[in-house]
Each structure stands twice: as C-alpha cells, then as structure tokens.
Amino acid sequence: MNRVRLLVLNAALGPLDYSVPEGMRVEPGSVVIAPLGPRTVTGIVWDEGRLPGRAVDASKLRPIREVVPVPPLAEPLRRLIEWTADYYCAALASVARMVLSSGGALGGPTTTTEYRLTGGTPERMTPQRLAAIEALEGEQGTIRELAGIADVSEGVLRGLVNQGVIEPVTVAIDRPYPPADPDFDQPALSPDQLDVAKRLVQAVEARRFAPILLDGVTGSGKTEVYFEPIAEAVRMGRQVLVLLPEIALTENFLVRFEQRFGTPPVLWHSSLKSTERRRAWRAISEGTAQVVVGARSALFLPYAKLGLIIVDEAHEVSFKQDDGVRYNARDVSVMRGRFEDIPVVLASATPALESLHMAEIGTYELMELPSRFGGAELPDIKLVNLTEEKPPSGRWLSAPIIHGLEDRLAKGEQSLLFLNRRGYAPLTLCRNCGHRFQCPNCSAWLVEHRLSARLACHHCGLETAPPKTCPECGEGDCLVACGPGVERIADEVRDLFPEARVAVATSDTLGSPERAAEFIAQAEAKAIDVIVGTQLVTKGFHFPELTLVGVVDADLGLEGGDLRAAERTYQQVAQVAGRAGRGEKPGEVLIQTRHPDAPVIAALANGDRDAFYAAETEARRDAGAPPFGRWAAIILSSEDEKEAREAAVRLGDTRPQRDDLYILGPAPAPLALLRGRYRYRFLVNARRSANLQDTLREWLDAHDFPPGVRVGVDIDPYSFV
Ligand SMILES: [Zn+2]
Ligand SMILES: [Zn+2]
C-alpha cells in the first residue's frame with residue numbers, strides 16, 4: 001500500500017496521511033513536501049503504526065509532492081523525537097522543527113556570491129577608499145560583511161566593484177570543511193589524565209551506550225582529557241558533538257581545539273548566518289562534519305554517524321530551554337546516547353546533584369580528575385562576615401577585599417570580583433516620593449544600566465531612557481539607585497583605586513564572540529587589573545595572573561524560592577573560585593556573606609564538597625525533590641488577568657487525586673506579569689514511581705481553554721518564576 005503517515009511541521013495539525021505517487025521512493029525518515037489546502041507543508045515520513053491518527057479513505061489521499069534531497073532521518077533520531085515530545089509534554093512537530101532547523105538546508109541556493117580585492121586601483125583614490133582597500137587585504141565575504149570589516153558603507157564598496165577593484169566570486173555553500181587531524185599535536189598528559197583519557201577512548205571504541213560522569217576540579221584539564229576520545233572517534237570515521245553552555249565564550253576552547261586538531265571544529269549556534277547554517281546542517285547530515293561544537297540546539301541535528309557526545313560544564317542551567325520545548329540538553333543527550341548506542345560524557349567540576357546521584361547508584365560511570373594540572377594548587381578560601389566587616393553606607397566591598405585588591409595592584413596581579421547582577425543597580429526609586437520604577441509589561445523592577453544610560457527590564461527586554469523627572473511626583477533629578485550591580489561595583493573600585501584598569505564582564509559587555517575574544521586578549525595581555533563580572537566569568541577562563549577572587553554577595557543566590565538555590569550558589573561560587581591561582585602563583589578567594597554558618601557557605605569555606613552534597617542530598621530527600629522525586633510546573637497565562645485566573649481555577653477544580661503526586665496551586669506565579677501576560681501557576685510534586693506525564697496530559701487534555709489562554713508545561717523545571 002503506497003500510503004504513508006507524515007509528521008508535519010505544524011503543531012496545530014497532527015499527523016496526516018498521504019499517498020506516494022508512482023515512481024517516488026520514500027522510507028521512514030524521508031523529508032518530503034506535501035500539499036496542504038492551497039499551500040504545501042514540510043513533513044517527515046514516519047514509521048507505520050507509531051503515530052496516532054484517523055485513517056483517511058484511500059480515495060481522498062493527496063499525493064506527496066516531492067522528496068527533499070537530504071538523507072532520511074535515522075531511526076535513533078526518530079525515536080529521540082518521540083521520546084522528547086513524550087517526556088516534556090511537547091508537540092512532536094515542535095521537536096521535529098528543532099531537527100529541521102535550517103530552512104536553507106532543505107532547499108534554496110547552493111552557491112553564494114562573495115567579493116574580494118583584485119589588486120587593481122581605482123581611477124580616483126580617496127582616503128576612504130585607500131583605508132577600505134587596506135582593511136580588505138586577504139578578506140573575502142559578502143558586501144555587507146566586507147563593509148563591516150572595512151567600516152565603510154556598502155555604497156563605497158559597490159563603487160569599487162564598478163571600478164574593478166573588488167570582484168565577485170561564486171562560492172559553493174556546501175563546500176566541505178577542512179578535516180581535523182587527530183594526531184596534529186600530541187598533548188603531554190599527567191598520569192591521572194592519561195588514565196581517564198584511556199578509559200574514555202575505550203568507551204568510544206566499544207561503540208555502546210555508556211553514560212559517563214567526568215568529575216574534575218577546575219583546572220584539572222578536563223578539556224585536554226576529553227580531546228583524546230574525540231581524536232579516537234575521528235580516527236574511526238565517526239562524528240562527535242560537544243555541547244557548550246555559553247557559545248559566546250568558546251574562544252578559549254576554539255584556540256585549544258585548533259592547537260590539538262589543526263583546524264577549528266564545525267560550529268552550531270543561533271547567530272550563524274543562514275548560509276553557514278545550511279553548510280553545517282548538510283555536512284552534519286552527510287557525516288562530513290567531524291566535530292561539531294554547539295549550543296544546546298546542536299543536540300537535535302541529524303548526525304549521520306555519531307560516535308560520541310560530550311556535554312561540557314554539564315551542571316549549567318543554560319542547558320535547560322525555558323520556552324518552546326522545555327527540554328534539558330544534559331538529560332536529552334543521555335537519551336540520544338542511548339538511542340544511538342554511543343558513550344555520553346557529562347563533564348563538570350561541580351556536577352548537578354542529579355548526575356552525582358546517578359553515578360552513586362551506578363547508572364553512570366564515574367571518572368574523576370582529582371588534582372589541578374601542572375602543580376597549580378587549589379586556592380585558599382576565606383569567609384568575610386559582613387555583619388562584622390561592614391562596608392560604609394552605599395559601599396559594598398569590605399576591608400579584606402579592598403586590602404586584597406590593593407595588594408594585587410601593587411604586585412601587578414589580577415583580581416576578579418563576582419556579583420551575579422547585571423547593570424548598575426537592581427532597583428531605582430524617587431528620592432522625593434519613593435516611586436519605584438517597574439516594567440509596565442512584567443512584575444519586575446527596571447534595572448539601571450549606566451554604561452548604556454538605560455533603564456532595562458531583564459525579563460522582557462524593555463529599555464527606556466531614565467526620565468528627567470519622576471513620573472509620579474514630577475520632581476526633577478530625583479532618582480536614587482538601590483543596591484549594587486556589577487557596574488556599581490566597578491565604579492567603587494575605580495573610586496578606591498583611580499589608577500586601576502577595570503573591566504565589566506557581563507552579557508551586556510561581552511555579548512558577541514568578537515567582544516568576548518577582545519576581552520580575553522586584553523586580560524591575557526594584562527591590560528586589565530580588576531574584572532567585575534556576573535556568572536559569565538565563572539566559565540572557561542584561564543588567566544594565569546589572576547590570583548584574587550572576591551565574591552561580593554554569596555547570599556544573593558540563596559534568596560527566592562528556587563529549590564536548587566543552594567546547589568546553584570555552591571556551583572557558582574566554586575566555579576568562580578576556580579578562576580583563582582590557575583598559574584604558578586597561588587590563589588586567594590574571599591567570600592562576603594551575612595550567613596557564614598549556612599551549610600552551603602560553610603562547605604564552600606572548608607572546601608568540603610562532599611559535606612555540601614551530602615547535606616543537600618538529605619534536604620532533597622526530605623522534600624521529595626529531584627533526584628528523589630520529581631517536579632513539574634504548569635503556567636496558564638493570558639493578557640487578561642481575569643481570564644487567566646478563571647481558567648486556572650477551573651483547571652484546579654478537576655485536579656487529579658492520586659497518592660503518588662500532589663498539586664499546589666493555582667497561585668499567581670512569582671513573576672505574575674511577564675511580557676504583558678498574567679500568569680497563574682501550578683506546581684506538581686510527584687514520586688519517582690508516578691506516571692507524571694500521562695497524568696498531566698489526561699488532566700490538561702480534558703479541558704478546552706479559551707483562545708487567549710496559553711498553557712505551558714515544564715517538566716523538571718529549573719526556573720520557578
Ligand atoms: Zn517621585
Ligand atoms: Zn519587562
């Protein structure tokens with residue numbers, strides 16, 4: 001029977017049946033274009049009997065229009081799509097969209113036009129043209145890219161094209177990537193490192209599913225160690241995926257990769273141009289992209305012969321996607337490894353409690369790198385009790401940190417101050433009437449950013465110029481900043497040490513790979529004395545001259561109702577502490593806190609990771625929290641407050657009554673208004689044995705929500721706002 005069922009890329013539709021015309025060959029996984037009303041839709045031919053749906057009478061079937069010339073999605077990937085949709089209560093089509101995430105790869109042109117210098121000179125040379133020609137020496141790209149490089153208008157370059165100074169060249173978009181050489185540079189590994197590297201190589205050779213937790217202190221050389229199994233997979237002709245949490249900060253990684261393999265890896269992230277996306281997607285699907293380094297979305301690409309997955313900094317919260325399909329790339333990586341039957345390495349210096357638990361019960365294999373490489377010692381950690389060492393009013397740095405900074409400045413060493421708060425101040429108010437500046441779209445304060453002279457909402461992205469007069473009382477020049485952000489700490493350092501070169505490192509200042517690279521180059525060249533940064537600086541940096549880390553407010557992360565607050569604080573502070581003393585000089589870490597006796601703070605001070613994890617494990621066990629129980633969040637939202645509330649109350653009235661799960665709510669979500677939508681929340685706590693997803697699906701599917709109400713389900717949530 002030449003009838004197939006398609007998973008179409010339209011979540012509103014569900015699976016649809018089509019006929020296969022005479023002479024067309026399709027198989028499960030084939031990507032096809034099919035008619036839909038007067039238009040067409042992209043679909044994936046699915047395995048018979050695996051998608052629910054009503055059989056349409058054969059006479060009514062419409063024929064598939066064409067098969068897209070890309071390799072069919074392999075069976076392990078089809079099973080992963082099903083598993084992800086099922087586990088995260090998401091639409092199959094939404095997951096499939098993440099696989100076919102390059103529209104250009106499925107069609108579109110195969111060549112593009114780029115431009116380069118011919119060596120000729122223009123009839124009339126102007127200073128601007130001369131500067132452009134000098135800047136473009138050896139460069140090739142689109143007119144827009146070249147205009148960016150030369151810092152001139154596109155018109156100037158078009159003028160040079162007309163005069164034959166710049167010429168167009170046709171470039172094949174799908175040209176192959178240069179091959180990685182697994183033996184380009186043999187690293188010198190310590191005995192500990194060699195031992196772990198050997199075990200990882202064996203796991204790759206075995207070609208079997210093996211989840212591995214690579215647990216190594218910061219500075220232990222995890223990256224160099226996992227380069228060895230990557231090299232082995234390349235030798236075997238198999239592909240490797242390396243997931244990194246923060247793609248803007250891959251510079252250091254890319255340099256090390258190129259030193260080891262003689263060529264950069266294939267990159268995948270959201271700021272790729274569409275032609276680059278097409279090139280990468282096709283090379284991945286054909287198996288010619290050997291090592292892919294990407295953000296979490298790279299996990300769903302159609303690798304032709306995947307042999308190894310590495311999730312670096314696997315504890316990072318940014319692996320959890322918070323909109324659309326709310327998946328956790330760390331957990332889905334393990335599932336992909338299972339379907340593909342390959343090893344998956346979760347690497348971290350501060351593993352998630354869930355991962356450690358899996359290692360403890362033997363589900364994951366544990367490999368440890370206990371010491372720092374090259375004899376560097378772990379830093380000396382001290383607490384600064386802020387109730388005793390109180391900074392003056394309007395100041396945030398205590399005497400011990402100020403002395404520490406003074407000492408490093410005198411010795412020409414670097415310091416890092418960590419505060420996980422962007423901007424100048426988290427709250428701005430009117431001195432005269434006390435009016436607080438709040439986002440009109442969200443229940444959140446506007447954050448003052450002095451560098452960009454803006455008040456910004458960190459939830460919806462709204463930005464406004466600070467008003468000259470108070471909108472409430474009309475008083476002029478009356479705004480006061482409350483509390484510190486990194487910009488304010490940087491000001492305090494400049495005020496204390498006018499000669500110090502201070503850099504603010506946040507997603508605002510290091511938002512692009514270029515800016516991140518520039519910052520790293522400056523820090524390495526010792527052109528920066530004091531770095532003031534958010535959690536962005538807890539990752540991946542390696543500055544040998546950095547010997548002091550000051551944590552401005554270790555208590556900050558403990559506020560709020562996040563069940564992982566203690567763990568996250570531990571991870572952030574431990575990671576940032578790990579930036580100190582990575583060279584030959586020993587490092588010192590000063591942690592400012594008002595709660596020196598809190599278990600997480602005490603564990604940090606004593607460097608007693610095991611004690612922290614043990615205490616946290618018991619707390620989670622008592623609370624029925626992961627890994628001992630499970631959580632889910634359901635958020636109902638609407639632009640109309642009453643509509644959202646009533647829908648939530650109605651849903652609450654039919655809550656399932658079960659012994660193995662209980663449901664809290666509905667209650668206004670902590671962020672009761674977000675991007676103009678009012679939000680009501682249910683929190684579900686379930687035993688591990690409960691069938692959480694089916695219960696939720698049954699409960700929600702029995703309801704017809706008004707069209708203005710959106711329902712979001714978040715399984716294993718990380719965000720509790
Ligand atoms: Zn006022
Ligand atoms: Zn907002």
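In this predicted model, the zinc ion (ligand 2) is held by four protein donors: Cys-439 (SG), Cys-442 (SG), Cys-457 (SG) and Cys-460 (SG). These donors lie 2.2 to 2.4 Å from the ion. The angles among the four donor atoms run from 104 to 112°, and the site is tetrahedral. Along the chain, the donors of ligand 2 follow the spacing C-x2-C-x14-C-x2-C.

The zinc ion (ligand 1) has its own set of protein donors. They are Cys-430 (SG), Cys-433 (SG), Cys-470 (SG) and Cys-473 (SG), at 2.2 to 2.4 Å from the ion. The four donor atoms subtend angles of 107 to 111° around ligand 1, so the arrangement is tetrahedral. In sequence, the donor residues are spaced C-x2-C-x36-C-x2-C. Cys-433 and Cys-470 link distant parts of the chain, 37 residues apart. Cys-433 sits in the loop between strand 17 (427-430) and strand 18 (447-449). Cys-470 sits in the loop between strand 20 (463-464) and strand 21 (479-482). Accessibility separates this pair. Cys-433 is partly exposed, with a relative accessible area of 37%, whereas Cys-470 is buried at 2%.

Two cavities of 30 Å³ or more were counted. The largest cavity has a volume of about 60 Å³. Its lining consists of His-315, Val-317, Ala-352, Glu-354, Arg-564, Glu-567, Arg-568, Gln-571 and Tyr-718. Helix 16 (residues 565-577) gives the most to this lining, with three residues. By class, the lining of the largest cavity has four charged, three nonpolar and two polar residues.

The second largest cavity has a volume of about 50 Å³. Leu-416, Phe-519, Ile-531, Val-537 and Phe-541 are among the residues that line this cavity. The lining also includes His-542, Phe-543, Leu-546 and Arg-579. Seven residues of the lining of the second largest cavity are nonpolar, one is polar and one is charged.

Technical notes: Residues are numbered from 1 along each chain as its sequence is written. Chains are lettered from A and ligands numbered from 1 in the order in which they are written. This is a predicted model: local features need pLDDT of at least 70, side-chain atom pairs count only at pLDDT 80 or more; totals for chains, interfaces and linings use all residues. Side-chain values use heavy atoms; hydrogens and water are left out. Donors are N, O and S atoms within 2.8 Å of the metal (3.2 Å for Na, K and Ca); water is not among the atoms, so sites may look incomplete. Four donors count as tetrahedral if all angles lie between 85 and 135 degrees; four count as square planar and six as octahedral if opposite donors are over 155 degrees apart and all others between 65 and 115; anything else is irregular. On a 1 Å grid over the protein atoms alone, a cavity is a set of points where a 1.4 Å probe fits but cannot get out, and a pocket is an open set with protein on both sides within 12 Å along at least five of seven lines; lining residues have an atom within 4 Å of a point. Grid points are joined across faces, edges and corners, and a volume is the space filled by probe spheres set on the points. Helices (H or I, at least four residues) and strands (E, at least two) are DSSP runs, numbered from the N terminus. Ala, Val, Leu, Ile, Met, Phe, Trp, Tyr, Cys and Pro count as nonpolar, Asp, Glu, Lys and Arg as charged, and the others, Gly among them, as polar. Buried means under 20% relative accessible area, exposed over 50%, partly exposed in between (1.4 Å probe, protein chains only).
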